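Here are some notes to read beside the model. Keep the structure open and check each point as you go.

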Amino acid sequence: MEDLRKLEEEQRMLMFMQSHGVVSSSNKDSSRFLANLILLVIKPCGNLDLNEKCSLICEQIPKISSSFLEQASLLFNSQGPVQMEDKVSGFQKSCVGSFPSPVSDRKDNGLKKKDFEDMAVVGLDAMQRANSTLEDFCRSYFMFHGMDMNHPQSIFKFLPVLSFTESYIYQMDSLNEKMVNLPTKEVAFLESGLEISVEDVMRAIHLKSFDYRVLNLLLYRLRGEKVNDLHMEFLSISEFLVEVSDDLFDYEDDVLENNFNILRMFVRIFGPSTAPIMLANYIAEAEEKYNNLLNTLDPQLRSSYQRRCEEATKEGGNISGHPLGTWSIPPVIVDEELHRSNYLSSK
């Protein structure tokens, strides 16, 4: 739970930094470094106030060289030295001014300190929203642990921890949505100069189902079992195909709502004529890997999982292609702004 709390803090700070134009969209590691640095600076430390902390940092940072950090890393970090030269030099430049007050200089965005103090760690709405994911996880992943989800003992033995974890993730998601609640014109401005790579897109689509992997790893830990890397790899490919399928089904809605969608990103990278072809290639490659890994599973497990996929396909009409039907890539919307405008006019 401590790791989840730190992840929540880091994500909230990244959103706060983004709303103030501080975060660097081109370098995620730099953004995370700055987020954790600011979190450290604003933490209470004796009688030091923010101005004193800022003065202390600006005074001492020239003395902290990359070699100094490497020696400190060898002494305190068992994983070995970290290369901090670029981050140190960048921070030295930023110390010309002073840190803004996180309370007095921030934009309001409708969120105040008391909103966080009075907020439940996990609210009822987050618990209710987590239910469908938990049900799908039990029905789709328990079999990989040799557990029968039809037996109450299998479910209720681990359900409290799994339920809290997934509900906490949904609570974080709700908070992030509030933090990133920027005006439409500001979002459009942030997008105009943003460079997107295929690697970023693939990582983003993979992260959409990160909660399933968290629950799965947690279940291994709760059962005291070693992680099965083959199962994890197979499920990761399956998750990717499902997420792509969902994105294709939701494509027009995502355009209207300006949400992340893999086809939208491919159109931006490759252009409207090439994007469907490139996406089809990625799908074909993933399906080939999926089938190869599927054939390595225990026959009984393979049969159970295929049966579960059939059930999920029938129950959720939003799964357009994997694993039973044919893939259908919707027509590309070339001018998204015009499409949104026409849609609003029709309403």
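1. Start with a term. A residue counts as buried when its relative accessible area is under 20%, and as exposed when that area is over 50%; partly exposed lies in between. Take Phe142: its relative accessibility is 1%, so Phe142 counts as buried. Remember too that this model is predicted.

2. Two stretches need care. Over residues 79–111, pLDDT stays under 50. The model still has 52 contacts beyond four places in sequence for residues 79–111. Over residues 182–191, pLDDT also stays under 50. Here the model has nine contacts beyond four places in sequence.

3. Now the aromatic rings. A pair of rings is described by two values, the distance of the centres and the angle of the planes. The count for this model comes to ten aromatic pairs. One of them joins Phe137 and Phe142, with 6.1 Å from centre to centre and 85 degrees between the planes. That pair is edge-to-face. Phe137 has a relative accessible area of 0%, so Phe137 is buried.

4. Look next at Phe266 and Tyr282. Their ring centres lie 5.5 Å apart. Their planes meet at 80 degrees; because over 60 counts as edge-to-face, this pair is edge-to-face. The pair links distant parts of the chain, 16 residues apart. Phe266 sits in helix H14 (residues 262–270), and Tyr282 in helix H15 (residues 275–294). Tyr282 is partly exposed, at 26%.

5. Some rings form a group. Phe137, Tyr141, Phe142 and Tyr212 are linked by ring pairs into a cluster. Tyr212 is also one of the buried residues of helix H11.

6. Stay with helix H11, residues 210–223. Its 14 residues reach 20 Å from the first C-alpha to the last. That is close to the 20 Å expected at 1.5 Å a residue. Besides Tyr212, the buried residues of H11 include Asp211, Arg213, Leu215 and Asn216. Leu219 and Tyr220 are buried too. Just after H11, Gly224 takes a positive phi of about 70 degrees.

7. Helix H16 covers residues 299–315. What span should its 17 residues have? At 1.5 Å a residue, the answer is 24 Å, and the end C-alpha atoms are 24 Å apart, which agrees. At the N-terminal end, Asp298 caps H16. A side-chain oxygen of Asp298 lies 3.0 Å from the backbone nitrogen of Gln300.

8. Which residues of H16 are buried? They are Leu301, Ser304, Tyr305, Arg308, Cys309 and Ala312. Seen down the axis of H16, the buried residues fall within an arc of 140 degrees, so they line one face of the helix. An α-helix has 3.6 residues a turn, so residues three or four places apart point the same way. On the other side of H16, Pro299, Gln300 and Lys314 are exposed.

9. What does the buried side of H16 meet? Its buried residues pack against H7, helix H12 (229–249) and H15. Ser140 gives an example from helix H7 (residues 124–141). Ser140 touches Tyr305 and Arg308, leaving aside residues up to four places away in sequence. Ser140 is itself buried, because its relative accessible area is 7%.

Terms used
Residues numbered from 1 in each chain as written. Heavy atoms only, no water. Helix = DSSP H or I, 4+ residues; strand = E, 2+ residues; numbered from the N terminus. Buried < 20%, exposed > 50% of the residue type's maximum accessible area, 1.4 Å probe, protein only. Contact = heavy atoms within 4.5 Å. Phe/Tyr/Trp six-rings, centres within 6.5 Å; stacked < 30°, edge-to-face > 60°. Expected span 1.5 Å × (residues − 1). pLDDT = per-residue confidence, 0-100. Arc of directions from axis to C-beta. Polar contact = N/O pair within 3.5 Å; in protein donor to acceptor, adjacent residues only side chain to side chain.
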